[in-house]
Amino acid sequence: MNDTLAGRRHALLARMSAAGGHGAGMSPRRLLAVSKTRDADEIAALAAAGQRAFGENYVQEALAKQRQLTDLALEWHLIGHLQSNKAAQAAVAFDWVQSLDRIKLVPLLARHRPAARPPLNVLIQVNIDDEASKAGCRPDEIAALADAITGEPRLRLRGLMAIPAPEPDMTRRRHAFAAMKASFDALAARHPGIDTLSMGMSEDFELAIAEGANLVRIGTALFGPRLRMG
Ligand SMILES: *Cc1c(COP(=O)(O)O)cnc(C)c1O
């Protein structure tokens, strides 16, 4: 199993660096291992292979795994929808919150980020094309959210995240990724410190990289099919 995980990770990293793309100014390309539904042993095996950044969808699930992995220096990303009543815990449990999508979360995360820790890294989640999904802000809300985040010393704005609609037509997916890159560039003009565009999953990460992603979130292609829904 360890060999399989290490081998899959190695192959993914090779595909990531071979993928074309014009995100060159934003390298290096980073792999986020999405470990929802996976247990602490699998995470430890992947960490032994060199993987440091792990993504979880639920605060409680992440906390349970972290308690079993305290001896490993891992970087934890929240990628699932964040409820306001979980913001205080999230500000402590994670190094990055990728799913900040409304103003209300900004002071909550800032207030609960421990003073002894570095500022919490945040990405603004954008609903680029998925009418059916309530997660993610509208593109025209990005600027106000970014200003609110950069007004908080306990938060550090790093960029944008998107989960485009599971659209079988890859041309449409490409358009969604390109629209995100345009939003990223517009934001970077006002906030030159941002450096992360998180988009692309197991099925479409090469396309996302080609359109400018420099952080891809991979679950299935790394761990194998999920046994239960995350
Ligand atoms: C589950 C999940 C992923 C990983 O999806 P795969 O298709 O298994 O690679 C990436 N991002 C988010 C937000 C997810 O919930």
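A residue counts as buried under 20% relative accessible area, as exposed over 50%, and as partly exposed in between. In this predicted model, Arg 15 has a relative accessible area of 38% and is therefore partly exposed.

**Salt bridges**

The whole structure contains 18 salt bridges. One of them joins Arg 15 to Glu 206, with 2.9 Å between the closest N and O atoms. Arg 15 belongs to helix H1 (residues 2-18) and Glu 206 to helix H8 (residues 205-210), so this pair ties together parts that are 191 residues apart in sequence. Glu 206 is partly exposed, at a relative accessible area of 32%.

Asp 147 and Arg 190 form another salt bridge. Because Asp 147 lies in helix H6 (residues 142-150) and Arg 190 in helix H7 (residues 170-190), the pair ties together parts that are 43 residues apart in sequence. Asp 147 is partly exposed, with a relative accessible area of 36%.

A salt bridge also links Arg 102 and Asp 101. Arg 102 is partly exposed at 25% relative accessible area, whereas Asp 101 is buried at 8%.

| Salt bridge | Closest N to O |
|---|---|
| Arg 15 and Glu 206 | 2.9 Å |
| Asp 147 and Arg 190 | 2.6 Å |

**Aromatic pair**

The count of aromatic pairs is one. Phe 54 and Trp 76 form this tilted pair, with 6.0 Å centre to centre and 40° between the planes. Phe 54 lies in strand S2 (residues 53-56) and Trp 76 in strand S3 (residues 75-78), so the pair ties together parts that are 22 residues apart in sequence. Phe 54 is buried, its relative accessible area being 0%; Trp 76 is also buried, at 7%.

Definitions and conventions. Residues are numbered from 1 along each chain as its sequence is written. This is a predicted model: local features need pLDDT of at least 70, side-chain atom pairs count only at pLDDT 80 or more; totals for chains, interfaces and linings use all residues. Side-chain values use heavy atoms; hydrogens and water are left out. Rings of Phe, Tyr and Trp (its six-membered ring) pair if their centres lie within 6.5 Å; planes under 30 degrees apart count as stacked, over 60 as edge-to-face and the rest as tilted. Helices (H or I, at least four residues) and strands (E, at least two) are DSSP runs, numbered from the N terminus. Buried means under 20% relative accessible area, exposed over 50%, partly exposed in between (1.4 Å probe, protein chains only). A salt bridge is a side-chain nitrogen of Lys or Arg within 4 Å of a carboxyl oxygen of Asp or Glu.
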